[in-house]
Amino acid sequence: MSAIKSSIFNLLKGDFLVNKDSFKNWRFIFFVVVLMLIMIASAHSSDKKVMEIAKLTNEIKELRAEFLDKRSISMEMRLESTVRKKVVDLGIKPSEQPPQVIRVITKK
């Protein structure tokens, strides 16, 4: 039991970092630190992309709402009743005679 206790105590003191064979431990620790830095950079990059995607999604929603609003205004402006109201000031009114169909008959 005392051997386990002493090895845990040595581990907590950091003896594995200052012993003769510590160089291989330092290489491994350096490798793990590099991997952790790469993982952190990758996580930040993916978070940045997720935030950009969310921003673009909101922009798409706003543009779609604006498009629907403009389309409804355009549809209202094309209605015959709206056109009649606008041209009344110019003195233009719809014809009271219905249009006539002109048929062209060609003889062979």
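**Reading the model**

Analyst: The protein contains four helices and zero strands, where helices (H or I, at least four residues) and strands (E, at least two) are DSSP runs numbered from the N terminus. Along the sequence the pattern is α-α-α-α. This is a predicted model, in which local features need pLDDT of at least 70 and side-chain atom pairs count only at pLDDT 80 or more, while totals for chains, interfaces and linings use all residues. Residues are numbered from 1 along each chain as its sequence is written, and side-chain values use heavy atoms, with hydrogens and water left out.

User: How do sequence separation and distance in space compare for particular pairs?

Analyst: The C-alpha atoms of two residues are taken, and their distance is set beside their separation along the chain. S95 and S7 are 88 residues apart in sequence, with 105 Å between their C-alpha atoms. Q97 and I40 are 57 residues apart in sequence, and their C-alpha atoms are 79 Å apart. Both S95 and Q97 belong to the segment after α4. D15, in helix α2 (residues 15–18), is 13 residues from S2 along the chain, with 17 Å between the C-alpha atoms. L17 is also placed in helix α2; L17 and I29 are twelve residues apart in sequence and 9.7 Å apart, C-alpha to C-alpha.

User: What share of the 108 residues counts as buried?

Analyst: Buried means under 20% relative accessible area, exposed over 50%, and partly exposed in between (1.4 Å probe, protein chains only). By this criterion 3% of the 108 residues are buried. S95 is exposed at 62% relative accessible area, and Q97 is exposed at 62%.

User: What is the accessible surface of the protein, and how much of it belongs to carbon and sulfur atoms?

Analyst: Accessible areas come from the Shrake-Rupley method with a 1.4 Å probe; for residues, only the protein chains shown count as cover. The total is about 11,100 Å², with 65% belonging to carbon and sulfur atoms.

User: How many salt bridges does a search of the whole structure find?

Analyst: A salt bridge is a side-chain nitrogen of Lys or Arg within 4 Å of a carboxyl oxygen of Asp or Glu. The search finds one. E80 pairs with R84, and their closest N and O atoms are 2.8 Å apart. Because E80 and R84 are four residues apart in helix α4 (residues 80–87), about one helical turn separates them. E80 is exposed at 53% relative accessible area, whereas R84 is partly exposed at 42%.

User: Which residues form patches on the surface, negative or nonpolar?

Analyst: Patches are made of residues with over 30% relative accessible area and no salt bridge; like charges are joined within 9 Å, and nonpolar side chains (Val, Leu, Ile, Met, Phe, Trp, Tyr) within 5 Å. E59, E62, E66 and D69 make up a negative patch on the surface. E59 lies in helix α3 (residues 22–77) and is partly exposed at 39% relative accessibility. The nonpolar patch consists of F28, F30, F31, V34, L35 and I38, which together have about 630 Å² of accessible area. F31, in helix α3, is partly exposed at 49%.

User: How many positive and negative side chains are there, and how far apart are the centres of the two sets?

Analyst: Lys and Arg count as positive and Asp and Glu as negative, while His and the chain ends are not counted. The place of a charge is taken as NZ of Lys, CZ of Arg, CG of Asp or CD of Glu. The protein has 20 positive and 12 negative side chains, with 7 Å between the centres of the two sets.
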